[in-house]
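Good morning, colleagues. I would ask you to keep the sequence and the model in view while I speak.

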Amino acid sequence: MKPFITFLSFLLLVSATVAQNVPSPENYLGYKVGTRYTRHHKIVEYFNAVAKARPDMVKLEQYGFTNEGRELMLAFVGSPENIQRLEAIRLNNLRLAGVSRDRAAPVLEGAPAIVWLSYNVHGNEPSSSEAALLMIHALTDPSNAKTKEWLKNTIVVVDPCINPDGRDRYVNWFNSMVGDKLNAHPMAREHAEPWPGGRSNHYNFDLNRDWAWQTQVETQQRLKRYNAWLPQVHVDFHEQGYNSPYYFAPAAQPFHEVITGWQRDFQELIGRNNASYFDKNGWLFFTKESFDLLYPAYGDSYPIYNGAIGMTYEQGGHSRGGLGVVTSDGDTLTLVDRATHHFTTGLSTVETSSRNQQKLMAEFKKYFDDGRSGKIGEYKTYVLTAADQHKLNAVITLLEKNGIEWGTVSNKNFKGFNYFTGKEESFTDEGFNIAVSAHQPKAVMAKVLLEPKTVVNDSNTYDITTWSLPYAYGVKGYAVKEKLDLGNDWKQPVIQSVNSTYGLLVPYTSFNSAKLLAELLKNNVKVRFAEKPFKYRNKNYDRGTLIVLKTGNGTVNWNAVTNAACVKFGVQADVVETGFMDQGADFGSSDIKNISEAPKVALLTGDQASSLGAGEVWHYFERMLEYPITLINGSDLGRINLKDFNVIIAPDGFFRTLGEKAGADRLKDFVRGGGKIIAMEGSVSAMASEWGLKTKTDKDEEKGDYLDVKKYGERERSYLPNAIPGAIFKMDLDNTHPLGFGYPDFYYTLKQDGTLYEFMKGGWNVGVLKKEAYVTGVAGTKVKNKLKDGMLFGVQNMGSGSVVFLTENPLFRNFWENGKLLIANAVFLVGQ
């Protein structure tokens, strides 16, 4: 008996040592949480210290790195018994969802609920990462009997900082601004964060708009792990203006129609438990307002569409909160308060999930069972077809990122809703097709991304209201009410290297072709392109076809470089052996344009630019087009040597130089001398008066608005007839102009305001809205009626150069795939 007593004493000693070695955040950091901002590396260090102290309860996982090299990490916290079988729990959870590759039967009884807590997606909403420090300690503190009980049937996943680059940008700035003591006056400099702010990531992308699209490296790495777990509950912690009280679920309308009664009910359950803690402390809060559940790329809606109870929690504070700020009611809101509130709702969420674990798991399983049985939506198959395989490959990439199953159809004798015509029609194969069945575990996510029209029961929305992939990706689609049999005969193209002593022809039909062109120009290959169709060896070549000839490339191994680029981007080149064409222009014709030099591109940034708009262009060039771009401050435009560049891109913003006569005159000289300006969104508005653009107005409509009698109680909705939070319109596109090369004679644009310009006189109205251009999405009755007979995309030639006006953003959040070729056309082809 004595050896057993000795061993038991040893275990008790180890346990006591562990209890003593779990450091509190205050003891580890040397200050109370909320009295200083904690840099990201110290957050990581603290989590490592806790994991080292409690390896029986915590497993850390590094899931990637940011653009700036900061670590992205997850902490899995559970009872020692559950942590020991953590991988088995994960695999069983995937079996419950029906997405596991193995065929073992899932076990529902006793399966722990998985609660995923995501902090600090917006870097300048920093209180949540401070709360994460409190959370990991509370979950592992041996003296905390409540959390110990909850963890018996719950696994808690903590992502302490989704956006480390943005957080450190804010925190490092704030720490350099604050004095020896905080200054709570709202106008103190420590409350006025400079451009671009810490909200976004390195490329100035809003990561809370990227969940479904996964354009950013942080999102791509995180969603791989998220979809490898599929939690039952997910909370995304945020901050709003410092005068606002705390917000938590239930969410506001509109709810997407696929959201289940159980998901709504559990949000109510969570909200009431949160409220009980806030009421005890006298903390104000609100629910069911502002934050809806519709757009699929948020940290609440994306989990909702993947079987979880997804929620946003919003604490007042934001970047102007500092360490403490005087609010409009005279109280001082501190960072300690903000972190405490987030910490409280986090614990409340774990508590509610633990108490309702059995129901959570049963409803989770039912959610995915309903998907596999085809109970989701009226359409049972979505079929997409395109003549260019690369366009469908882009869709496939997105589907696979989101775990959506796809295949192909061999029996093409069916009818469906044609997205492009808006009618029920027989299927026409454009050359390649892919199909998505609604009979699959991810049926809800498939429906949300592919449905032709999103049903919106309340037009007062927080974000865009439509994003259907056929429109965003520019591929023809059919929504079919029958379940079609799917196969998988999809084969990637095998590119054959071809050699020529004269030249090569490269098709220009997708963004892959544009990336190929950028690759050639980077490698000093001279490229020509055809402005009109031609025929060679009985094969038709369309406008935009790239022509790479030995002529002009004597010092470059043009053949090898072109073949390597074709293999890299999956585009097949053809050999051409003469400049004499069967039909159309010969290669010495003026209809064959020469890109005389690789464009030297500058992007205007700085405090006159929309940080998100500038970030979209920056990320597009560096990570998508892979073409060099120089970022310059818009305020420096009057001082730089314009001869260093031949393309200047003005993203969304209001650059004063563009609209002031002296600056405009200088830029006009730049254009006349062969330069090119590409102006987007707000920059077009800034240029309008000095560059001869006029917006369309309706004085009768304005007079009517003025005479409207409005009710005070309806003031928050009175703007809706003129609102357009994001609706799709069909634009007529002149695809004989280089800006439209590679497109059909139409383009679907995401319209987000009522601005429309009069047709240009003496310029090229390349993209125009005609009557009945509206397709889908929320657009107020008044604004929808105004959007007709005007210009959205235009080109004005001036001397040897040109100005490209893009009043709508073809790069919207870089998920609007069909706009990427258009920007390349503007940079490389227009004005040659």
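Let me begin with Asn538, which lies in the loop between β20 (534–536) and β21 (539–541). Helices (H or I, at least four residues) and strands (E, at least two) are DSSP runs, numbered from the N terminus. Asn538 is exposed, as its relative accessible area is 70%; exposed means over 50%, buried under 20%, and partly exposed in between, with a 1.4 Å probe and protein chains only. Its C-alpha lies 9.8 Å from that of Met581, 43 residues away in sequence.

A word on the source: this is a predicted model, in which local features need pLDDT of at least 70 and side-chain atom pairs count only at pLDDT 80 or more, while totals for chains, interfaces and linings use all residues. Residues are numbered from 1 along each chain as its sequence is written, and side-chain values use heavy atoms, with hydrogens and water left out.

Is Leu293 buried or exposed? Leu293 counts as buried because its relative accessibility is 1%. This residue belongs to strand β9 (residues 292–293). Beyond its neighbours within four places in sequence, Leu293 has contacts (heavy atoms within 4.5 Å) with residues including Ala251, Phe255, His256, Ile304 and Tyr305. For His256, 37 residues apart from Leu293 along the chain, the C-alpha separation is 6.4 Å.

I turn now to the aromatic rings. Rings of Phe, Tyr and Trp (its six-membered ring) pair if their centres lie within 6.5 Å; planes under 30 degrees apart are stacked, over 60 edge-to-face, and the rest tilted. The count by this rule is 53 aromatic pairs. One of them joins Tyr246 and Phe248, a tilted pair with 6.1 Å between centres and 50° between planes. Both residues are buried. They also belong to one aromatic cluster, whose members include Tyr119, Trp283 and Tyr313.

The charged end of Lys359 is 5.6 Å from the ring centre of Trp262, and that of Lys668 is 5.4 Å from the ring centre of Trp691.

Finally, the chain as a whole. The protein chain contains 25 helices and 34 strands. Of its 832 residues, 59% are buried. Its C-alpha atoms fill a box of roughly 100 × 60 × 60 Å along the principal axes.

Methods. Lys NZ or Arg CZ within 6 Å of the ring centre and 35° of its normal.
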